[in-house]
Amino acid sequence: MPESYVPKEAMGHGDGGSAALAIGEAESLERRPGAAPPGGGPPGAPVGKPRSLWSDAWHDLCRNPVFVLSALVILFLVVIAIWPQLIATGNPYRADLAKAQQGSQPGHPFGFDTQGRDVYTRVVYGARASITVGVCATTGAALLGSLLGGLAGFFGGWGDTLLSRLADIFFGIPVILGGLVFLSMVTSPTVWPVVGFIVLLGWPQISRIARGSVVTAKQNDYVQAARALGAGNRRLLLGHIAPNAVAPVIVVATIALGTFIALEATLSYLGAGLKPPTVSWGIDISTASPYIRSAPHMLLWPAGALSITVLAFILLGDAVRDALDPKLR
């Protein structure tokens, strides 16, 4: 290029035009021939609007096979939890003692339990209780923990200290022992006592995550600038801090959902969680445990369904964490 040549973009702009020209030439030299320009478009395409954190995370998740597979498994579980009749036409309570503990038969691929009930039908219907407990308990713990932790981290002071000490008290309660003591006094066969107990012991962890995220976010320059421009506490918290502090809470809640499902099954196995006539994988595993040698199919199918469900939610949470954590990019 001749030294006397001056591009049109640099004319009439003084030093600013020269600086822009230098930056553009440096970027063109660093970029490989035929490579896409900044912004992710095809070569020669105009630079588009940069993606936000959420759109960028969704773009990464859609290309992650672990996320796609786990999301499909969870979607299938949610569908059969809402409409189990789609794949199981039998009655989970119908018993035929003449077929007790028998193995697989035509029309009954998973065999029968100790009371002659179809194991396949009970496994399908058992997804409803586990998914309901997991989703409701996670939602309740996330909302309560985010509210308390967010307010404590934003305002600080004695409220923050009180919340920290209260969370320490709940952290000191053994989950299984607390469930045995608390739920042993409940006679309701519904899922709500179990949901309430899990929320009661599950919110402290999420509150600490929310508090740390809010404390970090409120120190950013954009929050200080908004405060200097006269933004009130409500606008700062809801408009500037919460959208940028919610990502860690979503990650922890997604992973905790699988843990809560396993906790419900454990408590039901010990006789303190869900109670008959509710159909639950934990109840069926508890019933089948004494017959593991003579009729292993009674235990393996509900245990396998429980393991796949918990694993799917944990893998989903790991994929979301990898997509939302800038340090892992």
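Trainee: Which residues does serine 70 touch, leaving out those up to four places away in sequence?
Mentor: Serine 70 touches Ala312, Leu315 and Leu316. Keep in mind that this is a predicted model.
Trainee: Where is serine 70 placed?
Mentor: In helix H3, residues 65-82.
Trainee: Is serine 70 buried or exposed?
Mentor: Buried. Its relative accessibility is 3%, and the cut-off for buried is under 20%.
Trainee: What does the side chain of serine 70 reach?
Mentor: The backbone oxygen of phenylalanine 67, at 3.1 Å.

Trainee: Next residue. Where does aspartate 118 lie?
Mentor: In the loop between H3 and helix H4, and H4 covers 119-155.
Trainee: Buried or exposed, that aspartate 118?
Mentor: Aspartate 118 is buried, because its relative accessible area is 9%.
Trainee: Which side chain joins aspartate 118 in a polar contact?
Mentor: That of threonine 121, at 2.6 Å.
Trainee: And which residues does aspartate 118 touch beyond four places in sequence?
Mentor: Arg94, His108, Gly111 and Phe112. Tyrosine 93 is 25 residues from aspartate 118 in sequence, and their C-alpha atoms are 8.5 Å apart.

Trainee: Now glutamate 264. Which helix is it in?
Mentor: Glutamate 264 is in helix H9.
Trainee: Why does glutamate 264 count as buried?
Mentor: Because its relative accessible area is 1%.
Trainee: What does the side chain of glutamate 264 make a polar contact with?
Mentor: The side chain of serine 130, at 3.5 Å. Ser130 is also one of the residues glutamate 264 touches beyond four places in sequence, along with Val133, Val194, Leu274 and Ser280.

Trainee: Let's do helix packing. At what angle do H6 and H9 pack?
Mentor: About 55 degrees, with the axes 10 Å apart. H6 is residues 175-183 and H9 is 233-269. That angle makes H6 oblique to H9.
Trainee: Is that H6 and H9 crossing left-handed or right-handed?
Mentor: The crossing is right-handed.
Trainee: Which residues meet there, H6 to H9?
Mentor: From H6, Val175, Ile176, Gly179, Leu180 and Leu183. They meet Leu263, Thr266 and Leu267 in H9.
Trainee: How many are nonpolar, polar and charged in the contact of H6 with H9?
Mentor: There are 6 nonpolar, 2 polar and no charged residues.

Trainee: Then H5 and H7. At what angle do their axes cross?
Mentor: At roughly 140 degrees, and the axes come within 9 Å. H5 runs over residues 157-171 and H7 over 192-217. So H5 is oblique to H7.
Trainee: Left-handed or right-handed for H5 and H7?
Mentor: Left-handed.
Trainee: Which residues make that contact?
Mentor: H5 gives a list including Asp160, Leu163, Asp168 and Phe171. From H7, Trp203, Arg208 and Arg211 are among them. By class, the contact of H5 with H7 has 9 nonpolar, 2 polar and 4 charged residues.

Trainee: Zoom out. How many helices and strands does the protein chain have?
Mentor: 11 helices and 0 strands.
Trainee: And how much of the chain is buried?
Mentor: Buried residues make up 38% of the 329 residues.
Trainee: What share of the contacts with a separation of 6 or more joins residues 24 or more positions apart?
Mentor: That share is 67% in the protein chain.

Methods: Residues numbered from 1 in each chain as written. Predicted model: local features only at pLDDT ≥ 70, side-chain atom pairs only at ≥ 80, totals over all residues. Heavy atoms only, no water. Axes fitted to C-alpha atoms, helices over the stretch in contact; angles between N-to-C directions. Helix = DSSP H or I, 4+ residues; strand = E, 2+ residues; numbered from the N terminus. Parallel < 35°, antiparallel > 145°, perpendicular 65-115°, else oblique. Left-handed = near helix turned anticlockwise from the far one by under 90°. Contact = heavy atoms within 4.5 Å. Nonpolar A, V, L, I, M, F, W, Y, C, P; charged D, E, K, R; others polar. Buried < 20%, exposed > 50% of the residue type's maximum accessible area, 1.4 Å probe, protein only. Polar contact = N/O pair within 3.5 Å; in protein donor to acceptor, adjacent residues only side chain to side chain.
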